[in-house]
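Biologist: I am new to this structure and would like to learn how to read it. Could you walk me through it step by step?

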Amino acid sequence: MRLANNRLRTLLAITLALTLSGPAGAFSLDSELPITVSADNARLDDAKGIATYTGDVELVQGRTRLTAERVVLYRNVDGLSRVEASGQPARYQQPTRNGEGETDARALNITWSADENRLTFEREAIIEQNGNLFRGDVIHYDTVRRVVTAEGGTKTETGGGRVEMIIQPRSTSSTQGSDGSSESQ
C-alpha cells in the first residue's frame with residue numbers, strides 16, 4: 001500500500017511538473033512557478049502516461065488557470081504532449097502578454113497539443129480579450145505564431161453557421177508611428 005502511495009505521489013509530482021507550452025497561449029514550461037492541479041477525483045495510469053482528473057478540476061500556474069469538469073493529461077518521453085478539458089463550459093484564463101487585461105476563453109471542449117503548438121476551443125467557443133471577442137463553433141489558437149482562426153458550426157433554423165468577431169476601436173491614447181499609422185497593444 002505504501003509503495004502504491006509513493007508511486008502515485010511520484011506520478012502526481014511528474015504530472016504537476018509537466019505543463020502546456022507556447023509563449024502566451026498556454027501554461028509555460030519555462031516558468032519557475034509550479035502547476036497546481038486540484039480535483040474531486042484523480043486516476044493516474046503511469047504505464048500509459050495518462051492522468052484523468054474529474055469534478056471541479058482546476059489547473060493553476062501563477063495567474064494562468066484552466067477549470068473544467070474533466071481534464072485528461074497525456075505525457076510521452078518528451079513530457080506533456082496533450083491536454084483535453086471538458087465542461088459546461090471549460091474555461092481558460094490568462095493575463096495578456098503586456099499584462100494589461102486578461103484572455104478569457106470558454107468552450108465545451110478545450111484541447112492543447114504540443115506537436116501542433118495549438119489550443120483548440122470546440123463547441124460554443126468564445127474568446128474575449130480587452131473587449132475584443134471571437135465566437136465560433138471551433139476556434140484554433142496557434143501559440144507560436146499568435147494566429148487565431150475560427151470556424152462556424154452547422155447552420156440551423158435558429159442561426160449558427162457563422163463566426164462572430166467584435167474588435168474594439170483603437171484607443172485615443174494610441175501613439176502615432178512615423179508612417180502615420182496608430183500603434184496600440
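This is a predicted model: local features need pLDDT of at least 70, side-chain atom pairs count only at pLDDT 80 or more; totals for chains, interfaces and linings use all residues.

Biologist: Then let us move to the strands. In which sense do β1 and β3 pair?

Modeller: To read a strand pair, look at the direction, the bridges and then a pair of partner residues. Strand β1 (residues 36-38) and strand β3 (residues 50-61) pair in the antiparallel sense over three bridges. V37 has L59 in β3 as its bridge partner. Strand β2 (residues 41-45) also runs antiparallel to β3, joined by five bridges. There, D45 stands opposite I50 in β3.

Biologist: What lies between β2 and β3?

Modeller: Four residues separate the two strands, which form a hairpin, and G49 in the turn has a positive phi of about 70 degrees. Next, β3 pairs with strand β4 (residues 64-76) in the antiparallel sense over ten bridges. The hairpin of β3 and β4 has two residues between the strands, and G62 takes a positive phi near 60 degrees.

Biologist: Now for single residues. Is T111 buried or exposed?

Modeller: The relative accessible area tells you. T111 has 12%, and the limit for buried is under 20%, so T111 is buried. Its place is in strand β6, residues 102-113. Not counting residues up to four places away in sequence, T111 touches R82, V83, E84, R118, L119, T120 and E122.

Biologist: And where is S81?

Modeller: S81 is in strand β5, residues 79-95. S81 counts as buried because its relative accessibility is 17%. Leaving aside neighbours within four places in sequence, S81 is in contact with Y74, R75, N76, W112, S113 and A114.

Biologist: Which residues form a nonpolar patch on the surface?

Modeller: V163, M165 and I167 do, with about 280 Å² of accessible area together. V163 is found in the loop between β9 (147-151) and β10 (164-166), and at 34% relative accessibility V163 counts as partly exposed.

Biologist: Let us finish with charges. How many salt bridges does the structure hold?

Modeller: Eight. To read one, find the two side chains, check the distance from N to O, and see where each partner sits. R75 and D46 meet in a salt bridge at 2.6 Å, N to O. The pair links distant parts of the chain, with R75 in strand β4 and D46 in the loop between β2 and β3, 29 residues apart. R75 is partly exposed at 22%, and D46 is partly exposed at 33%.

Biologist: Which residue forms a salt bridge with R82?

Modeller: E84 does, and the closest N and O atoms are 2.8 Å apart. E84 has a relative accessible area of 25% and is partly exposed, while R82, at 32%, also counts as partly exposed.

Biologist: Which residues are linked in a network of salt bridges?

Modeller: R91, D104, R106 and E128 are. Within this group, E128 forms a salt bridge with R106, the closest N and O atoms being 2.8 Å apart. E128 sits in strand β7 (residues 118-129) and R106 in strand β6, 22 residues apart. E128 is partly exposed at 30%, whereas R106 counts as buried at 19%.

Terms used
Residues are numbered from 1 along each chain as its sequence is written. Side-chain values use heavy atoms; hydrogens and water are left out. Buried means under 20% relative accessible area, exposed over 50%, partly exposed in between (1.4 Å probe, protein chains only). Contact means heavy atoms within 4.5 Å. Patches are made of residues with over 30% relative accessible area and no salt bridge: like charges are joined within 9 Å, nonpolar side chains (Val, Leu, Ile, Met, Phe, Trp, Tyr) within 5 Å. Accessible areas come from the Shrake-Rupley method with a 1.4 Å probe; for residues, only the protein chains shown count as cover. A salt bridge is a side-chain nitrogen of Lys or Arg within 4 Å of a carboxyl oxygen of Asp or Glu. Two strands pair if DSSP finds at least two bridges between them.
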